[in-house]
Amino acid sequence: MRLSRCIGLSAALALTGLAVTGCGGGAEAEERPGSGKPSSPSSSAPSAAVPEKPAPPAVELPGAARVVRPEIAPANGEKVGVGQPVAIVFKQQKVSPDLRAGIEGRLKVRTSPKTAGAWHWAESKGDTLLHFRPEKYWPAGTEVSLDARLGKVELAPGTAVDRDRKINFTIGAAMINTVDLKAHRMTVVRDGKTLRSIPVSGGDEKKFRTRDGIKTILAKEGRVVMDSRSIGIPRNHPDGFYGSYDYSMRETVSGEYVHAAPDNAESFGKENVSHGCIGMSTADAKWLYGLSLKGDVVQVTGSSGKPMDTFGNGYGDWNLSWEQWLKGSALGVRTG
């Protein structure tokens, strides 16, 4: 039986600033597991204003020897799912811890309806990552804007940000997809209503386990070419493969997807045989693809694989509890 594992990285995904690792769904490729247990958050209710910790002045560095252009996601004008964080990436750049509070103070997130959230700092593969999320998933329909007034702000000795930036985006319907790999089913819930229970097949539990925990859709890539040689497996090996798979939506940078896998049809709802992806019938994959947005939630349970990375392999932000999230913030809760 052919095992499906998805390969390739779209230009759109590269623009998110996520570090690229060797593709593949198997958890053995992890750099490090995410910390903490998945928080399984439901959508946030509109938050009342909360007192904000005052921000110290940011340090400005006109005429810096090195100027950095941070990458920001989502893109201006996008509609995204309820699990999409605001993500700022300083590529191959350390940010001095003593400057972080001043930097957070220059980042204003405004929301309608009002939704409190917080920033969280992390480092991965030489990048410094700064993400903003609410305590629970964004309320469907929320309008979000980021005013990043970081022009000339110092990041480290001799290094500053190039200019200010603004983005606006909208949160779409609340799509929460829960995959139970023991039951071999994906339950699709949209705005609180269960739409479909889909028979699926996940990663082979002996060799290519699917990562456990909360992930989000990183990109809708459509047809994806899969080639086992890119993960070191010859095509003529019993686990080798080469072909195109339709309605593919990426969950991790390393190569986990939700996608159509007609070659595994006899396993849907019965057994896990893939190289880590979540496969389903072409009809179900087409239906799900048409409803989905980047940033929709995919929560995997029942896997013996390593937990999803919190940072560095996609958006695993929701695997941290709110208390853990706040520990990574210099200023704490912001009112939005």
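Here is a short walk through this structure, point by point.

1. **Ground rules.** This is a predicted model, in which local features need pLDDT of at least 70 and side-chain atom pairs count only at pLDDT 80 or more, while totals for chains, interfaces and linings use all residues. Residues are numbered from 1 along each chain as its sequence is written, and side-chain values use heavy atoms, with hydrogens and water left out.

2. **The chain as a whole.** The protein chain has four helices and 20 strands; helices (H or I, at least four residues) and strands (E, at least two) are DSSP runs, numbered from the N terminus. Of its 336 residues, 57% are buried, meaning under 20% relative accessible area, with exposed being over 50% and partly exposed in between (1.4 Å probe, protein chains only). The chain exposes about 13200 Å², and carbon and sulfur atoms supply 53% of that area. The areas come from the Shrake-Rupley method with a 1.4 Å probe; for residues, only the protein chains shown count as cover.

3. **Contacts along the sequence.** A contact means heavy atoms within 4.5 Å. Among contacts between residues at least 6 apart in sequence, 75% join residues at least 24 apart.

4. Two strands pair if DSSP finds at least two bridges between them. Three bridges join β2 to the antiparallel strand β4 (residues 86–90), and I72 stands opposite I88 in β4.

5. A second open sheet to look for has five strands in the order β14-β13-β12-β20-β15, with mixed pairing. The edges are β14 (193–199) and β15 (213–216), each pairing on one side only. On average, neighbouring strands of this sheet are turned by 20° against each other, direction ignored. Strand β13 (residues 185–190) pairs with β14 in the antiparallel sense over six bridges, and R190 has K193 in β14 as its bridge partner. Helix α3 (residues 282–291) lies across β12 (175–180), β13 and β14, running at about 145° to β14.

6. Strands β17 (residues 242–250) and β18 (residues 257–260) run antiparallel and are joined by two bridges, with R250 opposite Y257 in β18. They form a hairpin with six residues between them, and G255 in the turn has a positive phi of about 125°. β18 also pairs with strand β19 (residues 278–280), in the parallel sense over three bridges; there, H259 has G279 as its bridge partner.

7. Rings of Phe, Tyr and Trp (its six-membered ring) pair if their centres lie within 6.5 Å; planes under 30 degrees apart count as stacked, over 60 as edge-to-face and the rest as tilted. The count by this rule is five aromatic pairs, and W119, F132 and W138 form one aromatic cluster. A charge sits over a ring if NZ of Lys or CZ of Arg is within 6 Å of the ring centre and within 35 degrees of the ring normal. The charged end of R196 sits over the ring of W287, 3.9 Å from its centre, and K220 lies over the face of Y289, at 4.5 Å from the ring centre.

Key: Axes fitted to C-alpha atoms, helices over the stretch in contact; angles between N-to-C directions.
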